[in-house]
Amino acid sequence: MSIDADKTALRHRMRTLRAEAAARDPDAAERLADIFPMKLLERYGPVVSGYVAINEELDPFPLMERLARAGAELCLPRMEEAGISWRLWSPGEPLERRPFGLSQPTADAPEVTPTLVLTPLLAYDTLGNRLGYGRGHYDAALEKLRSKGRAFACAVAYAAQQIDKVPSEPHDQPLDWAITPIGSVPLFMMRNRQSLTRSETDGSSAG
């Protein structure tokens with residue numbers, strides 16, 4: 001099978017698994033907010049992008065409210081012809097309804113550049129490979145952010161959304177961290193460890 005076909009099949013499976021996780025854990029969003037490591041805001045803030053959950057995505061709003069109380073500037077993605085732009089938003093401010101259940105800031109909301117990006121997804125693996133919905137919006141937006149400077153991508157997910165391997169392609173942007181209702185997964189550290197192990201193995205083979 002091709003990578004595209006692998007991803008399509010995996011998306012179908014992960015939608016079901018995520019829905020089951022959401023049904024089992026109605027308090028997941030509050031617990032996740034309580035255990036989020038605030039050192040991430042200190043190191044990678046202060047501008048934090050969240051998202052408006054749709055379907056069975058884990059709702060980041062309790063976490064976003066906690067981050068705002070700690071001094072974060074919140075923003076949300078807005079879909080435009082050129083892709084995602086990031087617009088300032090505070091809890092309680094109005095959102096514009098869009099097709100497919102999407103909600104986003106209005107066109108007159110100020111544009112900002114987030115440095116900590118909370119990302120929705122269907123699945124992720126320990127190396128930070130992310131399975132989204134196949135449209136590539138977050139990959140393109142993260143690539144653009146990272147071309148300008150620092151952008152730390154943190155998945156917001158149920159623990160069941162971590163799988164052994166997500167098929168990846170060169171344009172896919174890696175995650176740096178994952179926060180779940182049962183704890184954190186430092187993906188960038190695990191990715192660095194694998195790279196170091198591979199280098200040591202290659203060096204031994206060459207010798």
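The protein has six helices and 11 strands, where helices (H or I, at least four residues) and strands (E, at least two) are DSSP runs numbered from the N terminus. This is a predicted model, in which local features need pLDDT of at least 70 and side-chain atom pairs count only at pLDDT 80 or more, while totals for chains, interfaces and linings use all residues. Residues are numbered from 1 along each chain as its sequence is written, and side-chain values use heavy atoms, with hydrogens and water left out.

**Overall build**

- The radius of gyration of the protein is 17 Å, which agrees with the value near 17 Å for a compact globule of 207 residues; this radius is taken over C-alpha atoms, and the globule rule is 2.2 Å times the number of residues to the power 0.38.
- Along the principal axes, the C-alpha atoms fill a box of roughly 60 × 35 × 35 Å.
- Of the 207 residues, 46% count as buried (buried means under 20% relative accessible area, exposed over 50%, partly exposed in between, with a 1.4 Å probe and protein chains only).
- Among contacts (heavy atoms within 4.5 Å) with a separation of 6 or more, 70% join residues 24 or more positions apart.

**The sheet**

- Strands of a sheet pair through backbone hydrogen bonds, either parallel or antiparallel.
- Here, seven strands form an open sheet with mixed pairing, in the order β3-β2-β1-β6-β9-β10-β11; two strands pair if DSSP finds at least two bridges between them.
- At the edges lie β3 (83–88) and β11 (183–185), each of which pairs on one side only.
- On average, neighbouring strands of this sheet are turned by 25° against each other, direction ignored (axes are lines fitted to C-alpha atoms, for helices over the stretch in contact, and angles run from 0 to 180 degrees between N-to-C directions).
- Helix α2 (residues 28–35) packs on the sheet and touches β9, β10 (177–180) and β11; the direction of α2 makes about 125° with that of β10.
- Strands β6 (residues 116–119) and β9 (residues 152–156) pair in the parallel sense over four bridges, and L118 has C154 as its bridge partner in β9.

**Helix α4**

- Which residues of helix α4 (residues 61–69) are buried? They are P62, L63, M64 and L67.
- These buried residues pack against α2, α3 (39–44), β1 (47–49), β2 (73–80) and β6.
- Just after α4, G71 takes a positive phi of about 105°.

**A proline in a loop**

- You can find P114 in the loop between β5 (103–104) and β6.
- P114 counts as buried because its relative accessible area is 0%.
- Leaving aside neighbours within four places in sequence, P114 is in contact with V47, S49, C75, W86, L145 and R150.
- P114 and P46 are 68 residues apart along the chain, yet their C-alpha atoms are separated by 7.9 Å.

**The cysteines**

- A disulfide is a covalent bond between the sulfur atoms of two cysteines.
- How many disulfides are there? The count comes to zero, using the rule that a disulfide is a pair of cysteine sulfur atoms within 2.5 Å.
- C75 is in no disulfide, and the nearest cysteine sulfur, that of C154, is 14 Å away.
- C75 is buried because its relative accessibility is 0%, and C154 is buried with a relative accessible area of 0%.
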